[in-house]
Amino acid sequence: MSEAEAALRSLFLRGLDGDAAAYREFLQKLSAHLRAFLGKRLFGWPDEVEDLVQECLLAMHNQRHTYQSDQPLTAWVHAIARYKMIDLLRAKSAREALHDPLDDDLAVFAESATDASDARRDLGGLLQTLPERQRLPIVHVKLEGLSVAETASLTGMSESAVKVGIHRGLKALAAKMGGKAS
Amino acid sequence: MKTDDLVVMLATGPTAAPRRAAGRRLAFALFAALPLSFVILFTEYGLRRDLVQAMFWPMFWVKVLFPLCIAAAAFVMVQRLARPGVQVRRAWLGAVVPVLVVWVLAAMAWFNAPPQERMPLLMGESWRVCALSIGLMALPVFAAALLALKGLAPTRPALAGAAAGGLAGGVGAAVYALHCMELTAPFLAVWYVSGIALPVLVGAVLGPRLLRW
């Protein structure tokens, strides 16, 4: 097991147990690995890389309940990144890109690129397109860092409605990103 | 929004997630939908009148257990296909071997029977309705399994849809077996297998359309 795998996996598992700091560190390191991994495979479209990194991060966040600790994290991350990349390639229907061997290795963690270029897509703008019952919980809880209870009293929504709003909102955001690509 | 801001946003608030969600959600879907299959059985079909007596015949148990083996193997497959990066490995054997066993039994029965009795062995009394009835019985579990898959992350949606169809078809055939009067291996080999294959095919077609994420 590689060093990066072991480190990322332990951060991720702590995050899944509710440790937000570990989860954040995990996502930061993960985004660097994804940037390097996708950058290498999408060298023809440097502009797409950052968009795809964000899309992968959101997908992995939304699907984090599908990871089981008896499985190498590399395999899980690689499968999602590959799925999202193929989605993008299919949408672009760029034939020459399909000659690039996609499943040659599981080298997601082999390199790391921390310099983020700017994403072309404005995630903040996409957030504005969500309905209020999804946008407000995300803005208050996720961006301003309020608790679910505070957000509930602020917006007049019930606590479970706030949680559902965050959950559905992030899913919708991921879907909108995918939609934009195609 | 910069990627770092997205990271901060995602890590703010509750990050905990349920473990083993795939298996539990699919099991929940199965057991929530199974009663509906029995409702269809009781309202539209009814149990076979000699069910208690039939329980002493080995062929009755072949008819119930071979679809259940397929369903069990398909359950393992679908919960693996629902998680990114997990291989299906040998689970497909559990779905294929029961079919092969029934085909061997059918071939033996077919060639041991005198030629004029072969067609009745194959067609029985109910070949017209068998496969479609199994499909109907499979419908609740099929819909529930696809719904559960929508909340999971199948990276091979056609295969995942087909495996969900195998689960539903296996369960549907086992439920239908409590009504059906046929007891010959050639009948099972053709009509039961077709009935189970029906949701498998539908799942393989619907998977890529419904299970995008």
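Modeller: Let us begin with a definition: an angle between helices runs from 0 to 180 degrees between N-to-C directions, with axes fitted to C-alpha atoms over the stretch in contact. In this predicted model, helix α6 (residues 132-143) of chain A and helix α1 (residues 3-11) of chain B pack at about 95 degrees, their axes 8 Å apart.

Colleague: Why are α6(A) and α1(B) called roughly perpendicular to each other?

Modeller: That term covers angles of 65 to 115 degrees. The angle here is about 95 degrees, and therefore the term roughly perpendicular applies to α6(A) and α1(B).

Colleague: Which residues of α6(A) and α1(B) meet?

Modeller: From α6(A) come A:I138, A:K142 and A:L143, and from α1(B) come B:V8, B:M9 and B:L10. Val, Leu, Ile and Met count as nonpolar and Lys as charged, so the contact has 5 nonpolar, no polar and 1 charged residues.

Colleague: What makes a set of residues a nonpolar core?

Modeller: Its members are buried nonpolar residues joined through side-chain atoms within 4.5 Å, where buried means under 20% relative accessible area. The largest such core has 59 residues, and B:F66, B:L149, B:L167 and B:Y192 have the most contacts inside it. Helix α7(B) gives the most to this core, with 11 residues.

Colleague: How do you know that chain B is predicted with confidence?

Modeller: On a scale from 0 to 100, chain B averages a pLDDT of 94, and 100% of its residues score at least 70. Within chain B, the mean is lowest in α3(B), at 88, and highest in α8(B), at 97.

Notes. Residues numbered from 1 in each chain as written. Chains lettered and ligands numbered in written order. Predicted model: local features only at pLDDT ≥ 70, side-chain atom pairs only at ≥ 80, totals over all residues. Heavy atoms only, no water. Helix = DSSP H or I, 4+ residues; strand = E, 2+ residues; numbered from the N terminus. Parallel < 35°, antiparallel > 145°, perpendicular 65-115°, else oblique. Contact = heavy atoms within 4.5 Å. Buried < 20%, exposed > 50% of the residue type's maximum accessible area, 1.4 Å probe, protein only.
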